[in-house]
Amino acid sequence: MSTTLEVVIPVLNEENRLPPSLETLHQFLTDNLDSVDWRILIADNGSTDSTLKICQEFAERFPRVGYTRLNKRGRGRALSKAWLESEADVVSYMDVDLSTDLAFFPDLVESITSGECDLAIGSRLSSGSNVIGRSPKREFYSRAYSATFRTMFFTSFKDAQCGFKALSRKAVNDLVPLVKDTGWFFDTELLLLAERNGFRIKELPVKWTDDPDSRVDVIKTSYLDMKGLLRLRFGGRPRV
């Protein structure tokens, strides 16, 4: 029996970027991932534009495309719901802008299906990664954040926030219910809990192209990230 894979795309008001990204992703998986039984799930967390209509249209066109709808916002909330409700052997996610080159996705999945690791994550900070078009401000923030959580928790991984990850079913079932954050800090908390509980994490260098239309508020995100790190540092990281 083939390994099952669910690729989740969390979206919020993405009526413009979603259609071309879905077309590209669907074609790529069709051409390059025939070794697994894959499915795309769009996780719409509170869109007020025509994103939901687009999800419905694609689900009608392609049997391997589905969607779920949340009324509350938060990327972490969307991923948690999608992953815990999924029955796939391997779950993953990527950002709707497809900033990470899809050519690296099969290796990400293979790292899980081969049993090499429990969580495979794309990294823009590893040796061999190729980051294109990133502003000095965002580059500084990314490296400063990496230095901060590595100093606080002595982690083996460098890039916690790259939107390009895959997890085994066991990692999802054991770890995701423990994650409290429902927003952007979700990724970092998940990885810190994974390492604390002995799950194997593999960090893969990727090619990443900056999206000039990124909606991430660096100042607000930095504040929430530090708040989350302090919560875990002084409140502890629960064991499975």
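**Burial, helix packing and backbone features of the predicted model**

Glu 6 counts as buried, at a relative accessibility of 6%. In this predicted model, Glu 6 belongs to strand S1. Beyond its neighbours within four places in sequence, Glu 6 is in contact with Arg 39, Leu 41, Ala 82, Ser 86, Ala 88, Val 90, Val 91 and Ser 92.

Strand S1 (3-11) is also among the elements that cover the buried residues of helix H2, together with helix H1 (18-32), strand S2 (36-45) and strand S3 (65-70). In helix H2, which spans residues 51-61, the buried residues are Thr 51, Ile 54, Cys 55 and Phe 58. These residues lie on the same side of H2, because the arc that they cover around the axis is only 105 degrees. An α-helix has 3.6 residues a turn, so residues three or four places apart point the same way. Lys 53 and Glu 60, on the other side of H2, are exposed. Leu 52 is likewise located in helix H2 and is partly exposed, with a relative accessible area of 26%. When neighbours within four places in sequence are left aside, the contacts of Leu 52 are Asp 44, Tyr 67 and Arg 69. Between Leu 52 and Pro 19, the separation is 33 residues in sequence and 11 Å in space, C-alpha to C-alpha.

Helix H7 (residues 186-196) is mostly covered, with nine of its 11 residues buried. The buried residues of H7 are Phe 186, Asp 187, Thr 188, Glu 189, Leu 190, Leu 191, Leu 192, Leu 193 and Ala 194. Gly 198, which follows H7, has a positive phi near 80 degrees.

Helix H5 (residues 136-153) packs with helix H8 (residues 218-235) at an angle of about 5 degrees, and the two axes are 11 Å apart. The two helices, H5 and H8, are therefore roughly parallel to each other, since angles under 35 degrees count as such. On the H5 side, the contact involves Lys 137, Arg 138, Tyr 141, Tyr 145, Thr 148, Phe 149, Met 152 and Phe 153. These residues meet Val 218, Thr 221, Ser 222, Asp 225, Met 226, Leu 229, Leu 230, Leu 232 and Arg 233 of H8. In the contact of H5 with H8, 10 residues are nonpolar, three are polar and four are charged.

Positive phi values also occur in residues other than glycine. Phe 154, with a positive phi of about 55 degrees, is not a glycine. Phe 154 is situated in the loop between H5 and strand S7 (164-168) and is exposed, with a relative accessible area of 71%. Leu 98, another residue other than glycine, has a positive phi near 50 degrees. The loop between strand S4 (90-94) and helix H4 (105-113) contains Leu 98, which counts as buried at 18% relative accessibility.

The count of disulfides is zero. For Cys 117, which is in no disulfide, the nearest cysteine sulfur is that of Cys 162, 15 Å away. Cys 162 is also in no disulfide, and the nearest cysteine sulfur to it is that of Cys 117. Cys 117 counts as buried at 3% relative accessibility, and Cys 162 is buried with a relative accessible area of 0%.

Notes:
Residues numbered from 1 in each chain as written. Predicted model: local features only at pLDDT ≥ 70, side-chain atom pairs only at ≥ 80, totals over all residues. Heavy atoms only, no water. Buried < 20%, exposed > 50% of the residue type's maximum accessible area, 1.4 Å probe, protein only. Helix = DSSP H or I, 4+ residues; strand = E, 2+ residues; numbered from the N terminus. Axes fitted to C-alpha atoms, helices over the stretch in contact; angles between N-to-C directions. Parallel < 35°, antiparallel > 145°, perpendicular 65-115°, else oblique. Contact = heavy atoms within 4.5 Å. Nonpolar A, V, L, I, M, F, W, Y, C, P; charged D, E, K, R; others polar. Disulfide = S-S within 2.5 Å. Arc of directions from axis to C-beta.
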